[in-house]
Amino acid sequence: MNIVVCIKQVPGTTQVKVNPDTGTLIRDSVEAVLNPFDEYAVEEALRIKEKQGGTVRVITMGPPQAESALRQAIAMGADEAWLISDAAFAGSDTWATSYTVSRGIRALGEFDLVVCGKQAIDGDTAQVGPGVAEMLGIPFVAWVRKIDDISGTSLRVERLMEDGYDVVELPLPSLITVVKEINEPRMASLKGKMRAKKADIRTLTAADLGADAARLGLKGSPTQVLRSFVPEKKTGGEKISGDVPELVTKLKSTIQELGVIK
Ligand SMILES: Cc1cc2nc3c(=O)[nH]c(=O)nc-3n(C[C@H](O)[C@H](O)[C@H](O)COP(=O)(O)OP(=O)(O)OC[C@H]3O[C@@H](n4cnc5c(N)ncnc54)[C@H](O)[C@@H]3O)c2cc1C
């Protein structure tokens, strides 16, 4: 089973500040880590490989420093790491990111399964996994909490829902995004860390992807951040108490005072 895991390097905190002028996240001076949901994705890929054989390749689109997230995945046990990096990718929104990552996966050659995290803890959109599947033209299931069965040609998974789960079967090659209920990611071993230190991180540039330049980076990003702001704290308000008839009377007079009803 040849598995590709998409990973993202993110700030190691959810308290990220936004640049009020550009509307983009301020990523400098914050420690960067492997997106926690992607650790579950790497772990699941390794478990499949341990049962069925094959390879686990990790891939990320990011700046050169995203290499450390790839090394973290190698330390866990991934076989190969690929960094998609080029100034042409700067300013990519989720659409351009999905396009670029899908081109990167295609550049690696044959694959059976692509595994992504449910979402990244900084962008938080959960759009990139489904976007990559769409652009690769393969089926996908998001929010997978368990892989029931995987053979050379198909996959049966449990998809987490608000009120339970669905069982979904899909042909391979396909893509899944995984939730934290799926497994317990392993700690990297000392041997794994040593291997990660020395591992060769392969780079893919825009030219290597043979991509349509108009679909890359800010130019290829249909999303426009018009304004970003922290919502004002709500102040005032009034708590009303009493039994139900009293509450209804008070509520009615309040709504009348506001002029909503006569
Ligand atoms: C106009 C605009 C400009 C932006 N410019 C930048 C910028 O210059 N630099 C920047 O870092 N961000 C930028 N962003 C944010 C960027 O769009 C998102 O961080 C990125 O597209 C991923 O979306 P997400 O974080 O919501 O990931 P999600 O969709 O929540 O991630 C889901 C899963 O997809 C996979 N995944 C996500 N991102 C990647 C990736 N890069 N490589 C491989 N797999 C991935 C992982 O498996 C992850 O768990 C910009 C956003 C906008 C709207």
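**Stop 1**

Select Arg145 and Glu158. This is a predicted model, and in it the two residues form a salt bridge, with the closest N and O atoms 2.8 Å apart. Now colour the strands. Arg145 sits in strand β7 (residues 140-150) and Glu158 in strand β8 (residues 154-161), so the bridge ties together parts that are 13 residues apart in sequence.

Are these two partners buried or exposed? Arg145 is partly exposed, with a relative accessible area of 26%. Glu158 has a relative accessible area of 7%, and it counts as buried because that value is under 20%.

**Stop 2: a network**

Next, select Glu43, Arg47, Glu50 and Arg186. Salt bridges that share partners join these four into one network. How many salt bridges does the structure hold? The count is ten.

**Stop 3: a bridge across the chain**

Pick Asp79 and Lys49. Their side chains meet in a salt bridge, at 2.9 Å from N to O. This pair links distant parts of the chain, 30 residues apart. Asp79 is in the loop between α2 (67-76) and β5 (80-84), while Lys49 belongs to helix α1 (residues 36-52). Show the surface here. Asp79 is partly exposed, at 30% relative accessibility. Lys49 is also partly exposed, with a relative accessible area of 23%.

**Stop 4: a bridge inside a helix**

Move to Glu67 and Arg71. Their side chains form a salt bridge, with 2.7 Å from N to O. Where do they lie? Both are in helix α2, four residues apart, which is about one turn of the helix. Glu67 is partly exposed, at 28% relative accessibility.

**Stop 5: the sheet**

Hide the side chains and look at the strands. In general, strands of a sheet pair through backbone hydrogen bonds, and they run either parallel or antiparallel. Here, nine strands make an open sheet with mixed pairing. Trace the order across it: β9-β8-β7-β10-β6-β1-β4-β5-β11. Which strands are at the edges? They are β9 (164-171) and β11 (201-204), and each pairs on one side only.

Zoom in on β8 and β9. They run antiparallel, and eight bridges join them. Select Ser154 as well: it stands opposite Pro171 in β9.

**Stop 6: helices on the sheet**

Bring α2 back into view. This helix packs on the sheet and touches β4 (55-61), β5 and β11. The direction of α2 makes about 165° with that of β5.

Then select helix α4 (residues 128-136). It too packs on the sheet, and its contacts are β6 (113-117), β7 and β10 (174-178). The direction of α4 makes about 180° with that of β10.

**Stop 7: the ligand**

Finish at the ligand. How many residues surround it? There are 28, and the closest are Cys6, Lys8, Asp38, Thr125 and Ala126.

- Asn35: an N or O atom in its side chain is 3.2 Å from an oxygen atom of the ligand.
- Gly117: one of its backbone N or O atoms lies 3.0 Å from an oxygen atom of the ligand.
- Asp124: a polar backbone atom is 3.4 Å from an oxygen atom of the ligand.

Key:
Residues are numbered from 1 along each chain as its sequence is written. This is a predicted model: local features need pLDDT of at least 70, side-chain atom pairs count only at pLDDT 80 or more; totals for chains, interfaces and linings use all residues. Side-chain values use heavy atoms; hydrogens and water are left out. Helices (H or I, at least four residues) and strands (E, at least two) are DSSP runs, numbered from the N terminus. Buried means under 20% relative accessible area, exposed over 50%, partly exposed in between (1.4 Å probe, protein chains only). Two strands pair if DSSP finds at least two bridges between them. Contact means heavy atoms within 4.5 Å. Axes are lines fitted to C-alpha atoms, for helices over the stretch in contact, and angles run from 0 to 180 degrees between N-to-C directions. A residue is near a molecule or strand if one of its heavy atoms lies within 4 Å of it. A polar contact is a pair of N or O atoms within 3.5 Å; within protein, one must be able to donate a hydrogen and the other to accept it, and residues adjacent in sequence count only if both atoms are side-chain atoms.
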